[in-house]
Amino acid sequence: MPSEPGFDVENTAQKLYGYIKHGDFRNVQETLDPITDRAVVRAIEDRFIGRHTDTDPVNLAIKQREEKIAIYLVEKAFSTDRVHQWPDRSCDQWCYYEHGPDKCKAEFTAVDHSEKENLYKLTKRIKEISQGQRHPGDGLVISTVQHHMVGQQPMEESKSPRYERPMPAYETKSRKTAADEAREKIQKYGRKYVDTNGNTLLHLNIRKPQVYTYVFANGGVPVNIQNKGGDSALHLAVREGLYETAEALVQCSADIALRNFMGQTPIDEAEGPIKKMLEKFQPGVVEAMCGNYRHFERILRILAWASLSSKVKEEKTLMELAIMRSEEDPQVQNCVRILKGYRTSSRLIHAVLCENMDLARDIIEKEKDWKTNIRFMDRTGKTLLSHAVEANNIDLVRLLVDRGGAKVNAIRVRESGMVEETVPLFHKCLKAGLNPEIAKFLNARMDIKERLEKDKNGNTAVLRAIEEDVSPKLVHWLIDTSSGSCLVERNKDGLTPRELALAQKNDPIVKVIDRYISQKPTNIPKYASHLCHERDTLDVVDETTGKTLGEMVQEEKKIKLKFQKFEADAEKISSAAANGDLDELKNLYTANYVDRNGYTVLTRAIVFHKYDICKHLCTVRPELRSIPDNMNRYPLHYAYSLPANVCMKYVCLLLEKNPESIESKVDMMGRCAAEYKDLRETVEIQTMLYDAMTLDVLGKRGPPLGSWPEGAKRTPPDRHVIGHS
């Protein structure tokens, strides 16, 4: 059996199962980081499967919804192509008769499993590796997969190995983009190219990046040609589970009602998020224009990014087809009118999607009636600006914002088309490998409070950057431009940036944070008032002197702050708010305390129905209305969650002055406060209120901080049958 010196494959496989099962990423990483031999990885996996025959490491991580662990395992070259069977399905002789030697729908691989669980990052990573766009290990800061070292001299071990990251794509100025490669293919083969099996360039490049589809379709490659099997490019994309490609084809006016030789439409073959997306556009823009006229305007309203220049039928574009048919059928004249209203915006949208800077600039400078803020599909769909950010195109980003008037504030978009969770627009540019100038450009043009908005994990901008493993240099910039205030922000697990970096074993980021803390001792009161751990602040070592921050403060004859006193005061203030003791609160309240749950005293007063406390705080400390908890829920969200008989009393109080500053604020799922009124009986919202009443300032569960308010659940809400969850 292949093995590295002194490596216990049997014991490692056994431990790995337990670590994955319990979501212990740190131990998974510590166990597997030293392994550089792929043969050892395979030996561990074989032993793992020998013990647990119904799964493998990657699929177990997916089952536990531990996406981070699953991605790490994929990067360590664990298998993603092993075939398993869904527990609720079986393949009998009749089933086999239908699919023959092809994979049965009762079977699944890691990519099928991750799509089903909506783990979009993992799905994309697996597909990129399977398509040859990247190799296992590329996503690790130092490649630990042996095949990357073939023919190279061994690297010398450095003191800070995580700094040895690959050169990002944006630093290679002469690098050819995917859009350039797609244009070259059209020039080389021609837009009408078809191989011996009837496949067009769209069929043949179905697994390429999304921009290939846009460039081909807008370059004149017909989008609805069927190959010898009767399949259009959309049929293939759907069958292979390629969400982004299917989305791009729909945006290029692909016909979702087209049947192949088996009589199936793309919707018939689609599953999961792809099926859900296609069903929104039924019967399809082509079919609607060719007979289902009453659906045409509705579909175009949803499909606002539809291409009017793609060849959709009979070598004609959607507009040309409408004009031709209007001569035969007067009802189509209405379709022509509608299409003309979309024409300019459609040209701009597809110039951006094709990354055609010259055309996009020309349209913005010369045309009228173009719109840069049209979303795809619905109110949380992508915008042109978010697409340009994800395409890593700084020039397009600048053009859309400075010349096109693209909105940068109060914009949230879905993480991907496959999930409902949304993220602030700024978070989209905080990814390893993206040009950091995009983040700096947007930061200079947006409200600074946008950096406080949170994603589904409760991450603000700096926490998101650390989770996405961006460069230490970019993290330092985020810290420095916030004057260090971002170091007290917490995610939904209550972790500050330093605590998150420690949990991820990201030593370079920890050093960046420690260096900043040691150089800015005046920020100590801020860390204390947000109940940061004393040792994480005063025990930070200054690299130049070797002394801790606590020692340096004492030497300079400054009073060493007692963090325990801040904790005690915060506990007393929270208790005073929960019990309606206004005198005690006035006596103790010297700072805007934010505890480890993200709660302020205003939040506590709201959940315990203490109106006088709330009124006092809104008068003397109105900024508390704009401080969210770790899940990005503002005091107004809590007010709308109260029982109907008291709800509006607190809502009106919070909205009494400058309501526009808080009324549109959304939680990490993109929901505004008013939506909580209809959710107040769900387990989620009742749990939120229960937590705010029973978690102390350090996040520990205990008895309620005050007497139970009227109508409150006195046991954890999941023990009740509450409405609909």
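Reader: Where is Arg 375 found?

Author: Arg 375 sits in the loop between α20 (357-366) and α21 (384-390). Helices (H or I, at least four residues) and strands (E, at least two) are DSSP runs, numbered from the N terminus. The model is predicted, so local features need pLDDT of at least 70 and side-chain atom pairs count only at pLDDT 80 or more, while totals for chains, interfaces and linings use all residues. Residues are numbered from 1 along each chain as its sequence is written, and side-chain values use heavy atoms, with hydrogens and water left out.

Reader: Is Arg 375 buried or exposed?

Author: Arg 375 is buried, with a relative accessible area of 19%. Buried means under 20% relative accessible area, exposed over 50%, and partly exposed in between (1.4 Å probe, protein chains only).

Reader: Which residues is Arg 375 in contact with, leaving aside neighbours within four places in sequence?

Author: Among them are Ala 304, Trp 305, Ile 411, Arg 412 and Val 413, where contact means heavy atoms within 4.5 Å. Ala 304 and Arg 375 are 71 residues apart in sequence, yet their C-alpha atoms are 7.3 Å apart in space. As for Arg 412, its backbone oxygen lies 2.9 Å from a polar atom of the Arg 375 side chain.

Reader: Changing topic, how many salt bridges are there in the whole structure?

Author: A search finds 40 salt bridges. A salt bridge is a side-chain nitrogen of Lys or Arg within 4 Å of a carboxyl oxygen of Asp or Glu.

Reader: What does Lys 428 meet in a salt bridge?

Author: The Lys 428 side chain meets that of Glu 390 (3.3 Å, N to O). This pair links distant parts of the chain, 38 residues apart: Lys 428 is in the loop between β6 (422-424) and α23 (436-445), and Glu 390 is in helix α21. Lys 428 is buried, at 5% relative accessible area, whereas Glu 390 is partly exposed at 37%.

Reader: And which residue does Glu 453 form a salt bridge with?

Author: Glu 453 forms one with Lys 665, and their closest N and O atoms are 3.9 Å apart. Glu 453 lies in the loop between α23 and α24 (461-467) and Lys 665 in the loop between α37 (660-663) and α38 (683-694), so the pair ties together parts that are 212 residues apart in sequence. Glu 453 counts as buried at 6% relative accessibility, and Lys 665 counts as buried at 17%.

Reader: What about Arg 604 and Asp 595?

Author: Arg 604 and Asp 595 form a salt bridge, with the closest N and O atoms 2.9 Å apart. Arg 604 is buried at 1% relative accessibility, and Asp 595 is buried at 4%.

Methods. Polar contact = N/O pair within 3.5 Å; in protein donor to acceptor, adjacent residues only side chain to side chain.
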